[in-house]
Amino acid sequence: MTVLKIKSLSAGYGDIQVLREINFSIKKGETVALLGANASGKTTFINSISGLVRPIKGEVYFEEKKINNLPAYKIAELGLIQVCEGRNLFPLMTVEENLQLGAYIERARPNLNKNIKMIYEMLPILYERRKQKAGFLSGGEQQMLAIGRGLMSNPKILMFDEPSLGLAPIIVQMVFEIIRKIKEQNITILLVEQNVVKSLKIADRGYILENGKIALSGEANKLLNNDKIRKAYMGI
């Protein structure tokens, strides 16, 4: 079942067009990676789904319902949850308070206690830091908290925007392992990333975005072995 379908999406900022005629889809339970270099349009793409950027043209459908005219909070209430680039935590609130805010959506509130227990089991460092203010966490711990807050919303699709950005290699490995664990729970994932190799190793399918257009798409293992991708992104 296709849960997210994007048809001929074009988007940008003012007179600057960033995305051009994007077609994209995700099936329930899939992990799909949208990959590309810096400034290729990845964040504009994910923000267009979340309602933070209004498309110039095209349509976004979630569970067969057109959503690109809905405000961002309504889209989140439907279950499309974005883990933002830069994490966007509340630095003066504790880890636990930040997690609790992830369950502000009405459909997630009844599961608050169950979800917070699940997140502490998955990410025990957050349990250890639960009374600590988020602003005093390391970069890796803040990323884990951002992921945990996203999971508190009972997402139907969990959308990651550059989750490895600015992190040390050992922490990047840890973040991708967390995403792998989330995938094993059959949660549908949209992974927007620059790290092509790690993303394709975890994804079922992938799309390569270049200059605001989809340049390539296909099964993740085939993209990993594509000569063009190996040369452009892996230096092989």
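Q: Hi! How many salt bridges does the count come to here?
A: Hello! The count comes to 11 salt bridges in this predicted model.

Q: Let's take one of them. What does the side chain of E21 meet in a salt bridge?
A: E21 pairs with K57, with 2.7 Å from N to O.

Q: And where in the chain do those two sit?
A: E21 is in strand 2 (residues 16-27), while K57 is in strand 4 (residues 57-62). They are 36 residues apart, and the pair links distant parts of the chain.

Q: Why does E21 count as partly exposed rather than buried or exposed?
A: Its relative accessible area is 40%. Buried means under 20% and exposed means over 50%, so E21 falls in between. K57 is also partly exposed, at 42% relative accessibility.

Q: Are E30 and R205 buried or exposed?
A: E30 is buried, and R205 is buried too.

Q: Switching to helix 4, how far apart are K117 and E121 there?
A: K117 and E121 are four residues apart in helix 4 (residues 112-122), so about one helical turn separates them. Their side chains meet in a salt bridge, at 2.8 Å from N to O.

Q: Buried or exposed, those two?
A: K117 and E121 are both exposed.

Q: Which residues are linked in a network of salt bridges?
A: E128, R129 and E141 are linked that way.

Q: OK, new topic: strands. How many bridges join strand 1 to strand 4?
A: Five bridges join them, and strand 1 (residues 2-13) runs antiparallel to strand 4. To find a spot on the structure, look for K5, which stands opposite Y61 of strand 4.

Q: And what about strand 4 and strand 5, how many bridges do they pair over?
A: Two bridges, again in the antiparallel sense, with strand 5 covering residues 65-66. Here F62 stands opposite K65 of strand 5.

Q: What is between the strands in that hairpin?
A: Two residues lie between strand 4 and strand 5 in the hairpin. In that hairpin, E63 takes a positive phi near 50°.

Definitions and conventions. Residues are numbered from 1 along each chain as its sequence is written. This is a predicted model: local features need pLDDT of at least 70, side-chain atom pairs count only at pLDDT 80 or more; totals for chains, interfaces and linings use all residues. Side-chain values use heavy atoms; hydrogens and water are left out. A salt bridge is a side-chain nitrogen of Lys or Arg within 4 Å of a carboxyl oxygen of Asp or Glu. Buried means under 20% relative accessible area, exposed over 50%, partly exposed in between (1.4 Å probe, protein chains only). Two strands pair if DSSP finds at least two bridges between them.
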